[in-house]
Amino acid sequence: MLKSGGCSLIACCSLLTCKGQFVDEFDVIVVGAGPAGCSAAITLTTLGARVLLLEEKRMPRPKLCGEFVTPECLPTLRRLGVLEAMIDAGAQRISKVRVVTASGRTVESKVPDISPTQEAAISLSRARFDQVLFERAAEIGVACMDGTAVKQRLSDGKRTIGVEAVSLPSGSAVRFRSAFVLDGSGRNSRLVVGQHERIGGLKGYRLYAMEAHLSGVPDLDDQLDLCFFPGGYGGLSRIEDGLVNICFILGEKVLRDARSDPKAILQRTMCANQTARDRLRTAEVEGAWLTVGPLTFGRTRLGGDGVIAIGDAGGMIDPFTGTGIQMALRTGELAAEAVSRSVGTEEAIGCYGELYRREFSDRLTAANWLRGIVSSPAAANFTVGVLSRVPWLARRVFKATRAGGGAEKTE
């Protein structure tokens with residue numbers, strides 16, 4: 001079974017006795033132990049760098065996510081050396097994707113039809129997914145520290161030279177020095193993304209996400225259901241231990257009118273879709289509901305102030321694409337490649353930006369175009385109706401928001 005978190009390769013006691021001082025020096029500091037941060041840390045370490053990976057929460061920890069790991073993720077997971085561990089942790093095989101509108105129109109696609117290199121996707125809770133990556137990073141020599149909150153970057157007046165953090169168990173301030181800082185701390189990053197970039201639209205019209213794990217959901221088997229309802233959409237997929245992930249996007253007005261009560265919110269959102277309502281009839285929530293928002297989609301900044309942004313810190317793709325985890329894993333790999341090619345942060349940011357645009361520009365454009373369709377029940381119903389009658393067009397639309405990511409043929 002998975003181990004609980006903690007410092008892996010640095011003696012924690014040294015942090016507690018070095019308040020306010022630089023306690024060690026690294027080639028690269030990576031902030032955030034999600035898919036982006038772990039991917040970058042593992043890749044850089046295999047390239048010979050001395051890497052420090054800092055995570056604010058104690059591992060393992062839950063994370064709001066659809067927890068659908070697209071087939072394009074599998075080559076990266078193999079390169080990182082964690083795919084088998086994901087399977088051992090309980091990852092479920094997903095072989096088909098079904099899109100259902102509020103009126104009941106349906107279009108279905110098998111994974112091999114939308115991913116030319118893989119036979120299936122997988123689904124696994126983020127608590128286990130991220131923990132497998134975190135343990136792999138520690139195993140290969142990354143200095144892994146959880147319970148450590150990064151507060152700000154440190155500068156010598158000309159360039160970023162490290163970060164200042166707080167060891168949460170003790171409250172002690174610590175500083176780490178490095179030539180490069182990668183920010184994989186998510187959409188609420190303190191290092192790259194400014195408050196004005198997190199507003200998420202006009203108050204009253206902003207979007208939020210909710211997620212929970214459910215028991216008692218019948219007949220889902222090896223498929224992902226993407227269900228649309230007036231004003232939003234959500235997904236249902238089976239994860240480990242017989243549970244099902246439910247994750248959906250909703251408008252601020254629904255959240256307010258339902259007084260943030262999950263049962264009332266479900267009735268106004270997912271249960272407005274007949275397929276989802278049937279699935280949820282006997283469902284029970286296991287654990288707590290998670291809520292985040294307001295959400296902002298599209299690219300923000302890939303770097304600034306001497307820090308390279310990876311994962312959601314650099315931009316968030318619309319969840320209906322299902323490719324958020326894959327983009328996080330790949331941005332970690334691409335940032336590692338850029339750092340390995342560069343002699344300084346600004347050169348690395350430029351290199352990373354070019355690699356990022358080459359791989360993600362088309363899919364972000366496609367997601368932006370499709371956003372207008374999925375936000376309108378009439379448009380979604382019409383589009384799914386067309387796609388259900390024209391299978392080749394459905395496959396093309398499914399493929400539009402995904403990319404190879406260094407894909408390899410399944411053996």
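1. Phe 228 and Tyr 233 are both buried (under 20% relative accessible area, with exposed over 50% and partly exposed in between; 1.4 Å probe, protein chains only). Their ring centres lie 5.6 Å apart with planes at 40°, so the pair is tilted. Rings of Phe, Tyr and Trp (its six-membered ring) pair if their centres lie within 6.5 Å; planes under 30 degrees apart are stacked, over 60 edge-to-face, the rest tilted.

2. The model is predicted: local features need pLDDT of at least 70, side-chain atom pairs count only at pLDDT 80 or more, and totals for chains, interfaces and linings use all residues. Residues are numbered from 1 along each chain as its sequence is written, and side-chain values use heavy atoms, leaving out hydrogens and water.

3. The whole structure holds six aromatic pairs. In one of them, Tyr 356 and Phe 360 have ring centres 4.9 Å apart and planes at 65°, so this pair is edge-to-face. Both residues belong to helix α11 (residues 345-374), four residues apart, about one turn of the helix. Helices here are DSSP runs (H or I, at least four residues), numbered from the N terminus. Tyr 356 is buried at 3% relative accessible area, and Phe 360 is buried at 0%.

4. Phe 229, Phe 248 and Trp 289 are linked into a cluster by ring pairs.

5. Helix α6 (residues 126-139) has 14 residues. Eleven of these 14 are buried, so α6 is largely enclosed by the rest of the structure. Among the buried residues are Arg 126, Arg 128, Asp 130 and Glu 135. Gly 141, which follows α6, has a positive phi near 115°.

Conventions: Helix = DSSP H or I, 4+ residues; strand = E, 2+ residues; numbered from the N terminus. Expected span 1.5 Å × (residues − 1).
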